[in-house]
Amino acid sequence: MPKKQPAVYDNESITSLKGADRVRKRPGVIFGSDGLEGCEHSIFEILSNSIDEARGGFGDRIIVKKYKDGSYSVEDFARGIPVDFNQKEDRYNWELVFTELYAGGKYSEDEQDGYEYSLGLNGLGLTATQYASEWMTADVWRDGQHYHLDFEKGENVSGLHAEPTRFKRTGTLIRWKPDRDVFTDIDVPSEYFRDILKRQAVVNAGVHFLFEDETAEGEERKIDFFYENGITDYVEEMGAEGAFTPVVSFTGSAQGRDREDRPEYKVKMSAAFCFSNKVQDIEFYHNSSFLEHGGSPERALKTAFVNQIDAYLRQKGLYKKEESRITFTDIQDCLVYISSSFSTITSYENQTKKAITNRFIAQAMTEFLKHNLEIYFIEKPEEAEKIAKQVLVNKQSREHAEKTRQSLKKTISTQMDIANRVQKFVDCRSKDPARREIYIVEGDSALGAVKTSRDAEFQAIMPVRGKILNCLKADYSRIFKSEIITDLIKVLGSGVELTGGKSRKDLATFDINALRWNKVIICTDADVDGFQIRTLILTMIYRLVPTLIKEGYIYIAESPLYEISTKDKTWFAYSESEKAEILKKIGDKTKVNLQRSKGLGENDSEMMWLTTMNPETRRLIKVTPEDAERTFQVFDLLLGDNLAGRKEFIAEHGYEYLDELDVS
């Protein structure tokens, strides 16, 4: 076979993507993903331009629409995008805005241009979204003109149309359909729009965000998101239930730089919060963009709040001697907090803008929050005390829960080690108590049959060797000398419920959370001996761990009484009535093989799996507290100390248990 020649790699091998291909072939670079998340981000790029205009004081209403044909539109009533000829660039502005990456009106250093604090900072959004669209139309109203543009797959197809308009309105309407050749999924759910528009209404006080949804019905077709006082109103809305402090809000500004060799920039900051026993939520926004991963504002929040609340606790002597310091987790458990910041220079982690990394913003916001919290605690001492004491309670609860978790983990681990040393106990692979189930079977022969037919992933086996002790009549000292009983309790893992102060060092005090099984299944032969063993096991459980019955963890596996076979099919009858019903169904003309089912130890693995082990086909009886109480009463009557009652019962019902009375 000829050797494959290597691909040529020379000076002509280097190529670059041009025009629309820079986005269409690598959408993940611009939008963070070529899937639904990337498509959603492309929509937000268009929306962000309108938000920048509204925040600059140009228009107080933005309309977003979702159409049945899979297209979307964003309309504002701002100044309108400049699209006419640009003498300075010697090109039409529409070419720069719609077809040139890193071109736009937000690179000017003139603070009067309206974009000092801009969300759409990088000059990528409109062009990138246009390139990633199957088609896009743009309508612009400004300077007394109505301009119109059409694009298909990144290319302008009709030039710029302009006509005078009698309307005094200004603004921009962009409608487009994301391209399936670019994104793997373009069906953006309505919930995304409702979420993003509500968030924008929160951080852009006084601006109406209207969502019109052609795919929805009723009230969902048109929704107006509006917060007159921005984040303050939002915190009040979120923390209305369970708040034990009123909403507090701060505003401030700062100026600085991230490094000595970097340019100086401005920061505007606002924060609103309250403390609640029922609600906790924290959100960060920067230049109107929701920061899912936080970054600088999150670091500021954690540092400032921990510092100031810890200082208050120390000052007031509320810590116990050598008690550990609070953490932010303890504060977060009762905090509803929103921050919204703006900066003239912003460093995002990437184009998707889910976190910012500015060092100066982190420093400025930390000092801003610390200073205002200090004043707040001084001016509102009662509220400060409530906050500090609740945070301290949260810390102590967290530490107690962690100790309990570690103790439980240690207990379960120890119990599992003990269980694994129990003779002939066969564990399953899964360690998830929600899946695990244990079969309690009689004898070694049944152990072998069940072991070969079980699903070893989640089914374990505990054999009972010989007759189990009658726990009804025995005292605790005798019960706990029974190795069968103590082994079974160890395997269950939950410990025992004892009365009278009795205890055993190697058997833990009862804890339902330490139970290692989702189902405890008693599996015995369908004969007199099997029924007696089942009753003895139930009596033991009823006396030592009755909560397992009360909570529905105890089951009985029904074993079939008869195996009924024809040439083509086999049935299993679990009662005499079922046997009669099956035989009637088969009819007299068909040859039938009827045999009493064998003991568990004699069943083949396929039959055992089908009738007893398979969750899809087995029959399990859940033991209820009423069942257990009745069993206990009958067992007490037949095997307890009530001799007169037992004599009376035998006299009245004894004949029912005699197969045949020989009177000859």
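**Figure 1. Asp195 and Arg199 both sit in helix α6, four residues apart, about one turn of the helix.** Helices here are DSSP runs of H or I with at least four residues, strands are runs of E with at least two, and both are numbered from the N terminus. The two side chains meet in a salt bridge, at 3.1 Å from N to O. A salt bridge is a side-chain nitrogen of Lys or Arg within 4 Å of a carboxyl oxygen of Asp or Glu. Asp195 is partly exposed, at 34% relative accessible area, whereas Arg199 is buried, at 14%. Buried means under 20% relative accessible area, exposed over 50%, and partly exposed in between, for a 1.4 Å probe and protein chains only. This is a predicted model, in which local features need pLDDT of at least 70, side-chain atom pairs count only at pLDDT 80 or more, and totals for chains, interfaces and linings use all residues. Residues are numbered from 1 along each chain as its sequence is written, and side-chain values use heavy atoms, with hydrogens and water left out.

**Figure 2. Glu220 forms a salt bridge with Arg194, with the closest N and O atoms 3.1 Å apart.** Arg194 belongs to helix α6 (residues 190-203) and Glu220 to the loop between β10 (208-213) and β11 (222-225), so the pair ties together parts that are 26 residues apart in sequence. Glu220 is partly exposed, with a relative accessible area of 35%.

**Figure 3. Arg142 and Asp143 are joined by a salt bridge.** Their closest N and O atoms are 3.1 Å apart. Asp143 counts as exposed, at 59% relative accessibility. The count by this rule is 36 salt bridges.

**Figure 4. Helix α17 (residues 576-586) has Lys579, Ile582 and Ile586 buried.** Seen down the axis of α17, the buried residues fall within an arc of 70°, so they line one face of the helix; the arc is that of the directions from the helix axis to the C-beta atoms. They pack against β23 (562-565), β24 (570-573) and β25 (593-596), where contact means heavy atoms within 4.5 Å. Ser577, Glu581, Lys584 and Lys585, on the other side of α17, are exposed. Gly587 follows the helix and has a positive phi, near 95°.

**Figure 5. Cys274 is buried, with a relative accessible area of 1%.** The closest cysteine sulfur to that of Cys274 is in Cys334, 9.8 Å away, too far for a bond. A disulfide is a pair of cysteine sulfur atoms within 2.5 Å, and the count by this rule is zero. Cys523 is buried, at 0% relative accessible area.
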